Protein chains: 2
Amino acid sequence: MRILAYSRGVSNHPAYDALAAAFLRIYRFEHLQAIVSWDHSTYMPPNGNEARAAALGELAALLHRLRTAPELKDQLAAAEGESLDDIQRANLREITRVWRNSNALPEELVVASSLAASRCEHAWRTLRPANDWKTFAPLLREVVTCVRREAELLAKSTGLSKYDALMDRFEPGMRAAEVDRVFGAVKQWLPGLIREIRARQAKQPAIAAKGPFPIAAQRALCERVMKLLAFDFDAGRLDVSPHPFSGGVPEDVRLTTRYTDDDFAGSLMGTIHETGHGRYEQNRPRAWLGQPISEARSMAIHESQSLSFEMQLGRSRAFLGVLSPLLIEAFGAQPAFEPDNLFRLYTKVEPGYIRVDADEVTYPAHVILRYEIERPLVEGDLEVDDIPALWDDKMQSLLGIDTRGNFTNGPMQDVHWPGGAFGYFPCYTLGAMYAAQWFATMRAKRPSLDADIARGDFSGVFDWLQANIWEQASRYPTDELCRRASGGPLDPAHFKTHLESRYLT
Amino acid sequence: MRILAYSRGVSNHPAYDALAAAFLRIYRFEHLQAIVSWDHSTYMPPNGNEARAAALGELAALLHRLRTAPELKDQLAAAEGESLDDIQRANLREITRVWRNSNALPEELVVASSLAASRCEHAWRTLRPANDWKTFAPLLREVVTCVRREAELLAKSTGLSKYDALMDRFEPGMRAAEVDRVFGAVKQWLPGLIREIRARQAKQPAIAAKGPFPIAAQRALCERVMKLLAFDFDAGRLDVSPHPFSGGVPEDVRLTTRYTDDDFAGSLMGTIHETGHGRYEQNRPRAWLGQPISEARSMAIHESQSLSFEMQLGRSRAFLGVLSPLLIEAFGAQPAFEPDNLFRLYTKVEPGYIRVDADEVTYPAHVILRYEIERPLVEGDLEVDDIPALWDDKMQSLLGIDTRGNFTNGPMQDVHWPGGAFGYFPCYTLGAMYAAQWFATMRAKRPSLDADIARGDFSGVFDWLQANIWEQASRYPTDELCRRASGGPLDPAHFKTHLESRYLT
């Protein structure tokens with residue numbers, strides 16, 4: 001950060017230096033935004049919301065103004081011609097990307113979007129448990145109205161389609177045509193695979209763990225497992241929020257989970273998932289912090305970290321053997337905590353309402369459903385009022401589940417839409433595919449990987465992720481990152497192989 | 001807020017409107033500062049500090065720039081000549097005060113001060129328990145260097161002495177000459193009064209409460225008493241920090257306390273104290289929020305609220321009778337919880353090391369000591385290295401206590417100096433004097449006040465404070481507020497009468 005922002009003596013790239021200083025300042029305001037947003041979702045009392053929305057809206061406007069400051073245009077042009085090293089060149093590419101996306105949107109739209117999302121997300125917190133779609137829908141409509149205008153303007157600026165333009169903000173380089181190709185294939189084999197696995201699992205019933213599981217013990221267990229996974233508590237925390245998330249800043253990562261005393265697996269597996277996000281953030285390269293090159297590469301790559309932790313590592317037979325004695329320590333011995341039973345429990349495939357509680361096999365169905373709703377919604381081919389019926393249709397056909405009248409566990413279950421994050425959902429399943437590819441690569445390089453994990457040695461996983469993903473941050477475009485890390489482009493076959501190997505052998 | 005900021009149709013005071021809009025924006029950025037600062041003192045993990053200090057420094061610089069924006073000067077001049085109502089006129093007076101104080105300081109000094117204070121305060125959190133004055137002193141020196149420069153520039157701009165200029169930021173209109181006069185009188189009668197009270201109390205020993213007092217029960221008790229005192233939990237919270245404070249924003253007030261399981265009175269009385277601050281903030285006039293006229297009048301007036309709650313109300317015989325059954329419910333029955341014994345316990349006078357734990361009789365000694373150190377420190381007649389010896393001298397002569405080598409409970413006990421808040425301490429004792437004056441006024445108007453309190457009816461206190469202090473905010477200068485509320489100027493005789501009546505009758 002310091003190296004990039006302040007040159008020593010006379011610099012031969014003054015325009016680049018000016019850009020780096022401007023983006024360092026932006027980084028610091030983003031810090032405030034991250035912490036205040038975390039507070040908004042964790043500790044803020046209800047009546048604080050109006051003033052908070054106004055304050056966050058003011059900050060969003062300021063950040064927008066900083067990212068679109070008139071002098072940046074000339075500085076960008078001048079920096080292109082300056083003598084820069086590879087790192088600076090990559091940073092300039094990322095700066096340009098941020099600048100281009102920001103310049104596509106007028107400030108009043110940025111403020112309106114922030115306010116609409118803030119209001120809708122806040123209302124969602126009480127409306128979701130009340131199953132109150134009627135009050136929620138007009139608030140969501142306001143968000144969608146803003147998002148459609150954003151999509152239109154971003155599409156005009158980038159030459160992409162509306163949905164592609166939104167998705168590009170989370171997943172640079174990814175296009176709906178590619179998502180269609182990948183998801184189309186998944187839709188072909190997924191229902192059959194689910195049936196086959198369920199038939200097989202019906203013959204190997206798992207013993208359910210018996211509660212209650214005191215929340216204090218769950219919290220202690222989650223923190224213990226986070227330490228086992230090398231989360232740095234001197235640079236982060238675990239708190240509670242209705243919808244678990246990973247927030248904060250790389251120097252101070254804020255993870256959340258949620259507890260109910262009749263189940264511990266939800267909080268524990270959720271925590272392992274967020275710990276994957278958290279370690280990626282905590283290990284963003286220190287020397288580049290403050291500059292766009294230090295940012296996580298994309299949301300799918302981010303999700304590949306949480307799923308590497310939760311799905312690839314956390315639900316492996318090897319890891320569950322390590323977890324078993326910790327569960328006994330936390331809640332007392334019971335037959336359910338025997339390692340093979342744990343594996344049966346935490347690889348159980350069962351269609352359900354809730355995406356975040358879904359197993360890794362049915363999970364893609366939840367994502368495909370959302371993708372197939374949010375894409376026409378953004379493109380104006382669908383209205384908010386049409387969502388519940390379409391949601392139910394797709395849940396019926398993909399997972400055989402009836403969601404009529406159940407908004408709480410239907411279209412109101414996620415924070416993404418109320419928060420204005422359209423174009424994000426595909427990243428989850430793309431992330432699952434990347435994670436499968438990372439582990440295939442690790443195992444090819446280190447055949448003892450699973451035996452090491454079973455012994456409680458996770459260095460094979462962490463070292464590979466550190467070197468190939470975390471330390472690379474945004475140095476390369478996603479496709480190049482993937483090729484350098486795994487020797488080839490994203491190949492969904494790894495995901496299918498992973499599922500077949502875990503569930504059908 | 002809306003009325004002030006946005007005129008309807010064509011305004012006949014466009015300059016005033018522009019100022020109000022600018023200060024509304026400042027209010028929103030101050031919201032972010034308040035929440036992030038609260039997080040800094042409550043939940044932030046240690047390694048987050050460097051990035052946090054940089055982010056808060058950036059925000060301080062922005063706020064300074066907004067408060068000193070070049071267009072404000074002409075707008076202020078133009079607004080003076082506009083047709084304004086009384087409220088707008090008072091708001092303009094407060095806007096001018098903020099503007100004048102901010103314009104006295106260059107941005108780089110504001111940033112340097114924020115950084116130095118942020119670093120020193122952060123280090124203080126670990127250095128204080130380690131009794132490490134040696135590491136602490138150079139960090140404090142950096143803070144003092146900044147504060148001296150601030151004092152010099154503020155003095156030049158206001159025509160006040162250096163210390164007066166600093167104090168004026170917390171207590172507009174108060175001067176060291178007045179403080180000298182008031183504190184000089186207190187020093188005359190205080191040692192004798194302490195001796196007399198202690199001799200008397202020696203004959204009426206109190207039964208100590210027997211612990212341990214589980215922290216979960218203390219927390220529940222504190223929240224219950226806050227509700228009894230009408231704190232609005234939909235617009236505020238209680239958390240934990242090493243040094244209790246009241247922070248946040250009027251729409252979302254953040255109080256803190258600290259717990260140890262061998263004593264509950266510290267957390268409980270501290271919470272009652274902060275609740276007084278909190279209710280003042282929660283009841284700042286809604287219609288003016290966002291404008292300087294809505295701010296609390298001054299720090300002494302603020303402290304008069306916390307001391308009205310803690311000392312005047314909270315430790316009265318009448319209130320302790322209401323508290324008694326709550327203590328029994330929280331911790332089980334024991335002889336110590338009998339109301340007369342509680343009164344003996346919580347009015348016990350005993351010279352001690354710690355200001356925040358001091359009884360209301362010895363408390364002024366702690367404040368006088370700090371005032372007599374920080375004033376020459378600011379004026380350059382004393383250096384940081386001289387503090388420990390002078391601290392010990394004064395503790396010996398005022399309270400007969402030896403603090404040599406005890407930095408933890410000596411000059412390192414308070415957050416004020418590491419945080420750069422020089423000129424603040426006198427407000428505590430001035431606040432105690434105002435609080436005594438408020439209660440004398442209340443009792444004159446409502447002779448049944450104490451009988452009502454004993455029945456659990458605190459409306460006599462809350463209604464009077466609401467009408468005379470909270471709703472007035474910064475509408476009048478402090479002296480006028482005091483005259484309107486109590487019929488006369490600040491009269492320290494009320495404080496002496498209160499102490500004599502509570503402790504010697």
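This is a predicted model: local features need pLDDT of at least 70, side-chain atom pairs count only at pLDDT 80 or more; totals for chains, interfaces and linings use all residues.
## The interface of chains A and B

On each side of the interface the count of residues in contact is given as follows: 33 residues of chain B touch 33 residues of chain A. The area buried between chain B and chain A comes to about 3000 Å², and carbon and sulfur atoms give 61% of that area. Within chain B, the residues that lose the most area to chain A are B:Leu32, B:Tyr43 and B:Glu58, which together make up 19% of what that side buries.

One of these residues, B:Glu58, also takes part in a salt bridge, in which its side chain meets that of A:Arg28 with an N to O distance of 3.2 Å. Side chains of opposite charge can pair when their charged atoms come close. Across the interface of chain B and chain A there are also 14 residue pairs in polar contact, counted with both residues at pLDDT 80 or more. The side of chain B that touches chain A receives at least two residues from each of helix H2 (14–42), helix H3 (49–67), strand E1 (236–240) and strand E3 (252–257) of chain B. By class, that side of chain B has 17 nonpolar, four polar and twelve charged residues.

## Cavities

Divided by class, the lining of the largest cavity has seven nonpolar residues, two polar and one charged.

The second largest cavity, with about 80 Å³ of space, is lined by residues of chain B, among them B:Leu307, B:Met311, B:Glu360, B:Pro364 and B:His498. Two or more residues of this lining come from each of helix H12 (299–314), helix H15 (363–379), helix H17 (426–445) and helix H21 (493–503) of chain B, and the largest share, three residues, comes from H12(B). The lining of the second largest cavity likewise divides into seven nonpolar, two polar and one charged.

## Salt bridges over all chains

A search of the whole structure finds 77 salt bridges over all chains. One of them links A:Glu94 with A:Arg97, whose closest N and O atoms are 3.3 Å apart. Because A:Glu94 and A:Arg97 are three residues apart in helix H5 (residues 86–103) of chain A, about one helical turn separates them.

## Backbone features

Most residues other than glycine have a negative phi, and most peptide bonds are trans. In chain A, however, a cis peptide bond with omega of about 0° joins A:Gly211 and A:Pro212, and A:Pro212 is placed in the loop between helix H9 (176–202) and helix H10 (215–228) of chain A. In chain B, the peptide bond from B:Gly211 to B:Pro212 is cis, with omega near -5°, and B:Pro212 has its place in the loop between helix H9 (176–202) and helix H10 (215–228) of chain B.

A further backbone feature concerns A:Ala230, a residue other than glycine, whose phi has a positive value near 65°. A:Ala230 lies in the loop between H10 and strand E1 (236–240) of chain A.

Definitions and conventions:
Residues are numbered from 1 along each chain as its sequence is written. Chains are lettered from A and ligands numbered from 1 in the order in which they are written. Side-chain values use heavy atoms; hydrogens and water are left out. Contact means heavy atoms within 4.5 Å. Buried area is the accessible area (1.4 Å probe) that two parts lose on being put together, summed over both. A salt bridge is a side-chain nitrogen of Lys or Arg within 4 Å of a carboxyl oxygen of Asp or Glu. A polar contact is a pair of N or O atoms within 3.5 Å; within protein, one must be able to donate a hydrogen and the other to accept it, and residues adjacent in sequence count only if both atoms are side-chain atoms. Helices (H or I, at least four residues) and strands (E, at least two) are DSSP runs, numbered from the N terminus. Ala, Val, Leu, Ile, Met, Phe, Trp, Tyr, Cys and Pro count as nonpolar, Asp, Glu, Lys and Arg as charged, and the others, Gly among them, as polar. On a 1 Å grid over the protein atoms alone, a cavity is a set of points where a 1.4 Å probe fits but cannot get out, and a pocket is an open set with protein on both sides within 12 Å along at least five of seven lines; lining residues have an atom within 4 Å of a point. Grid points are joined across faces, edges and corners, and a volume is the space filled by probe spheres set on the points.
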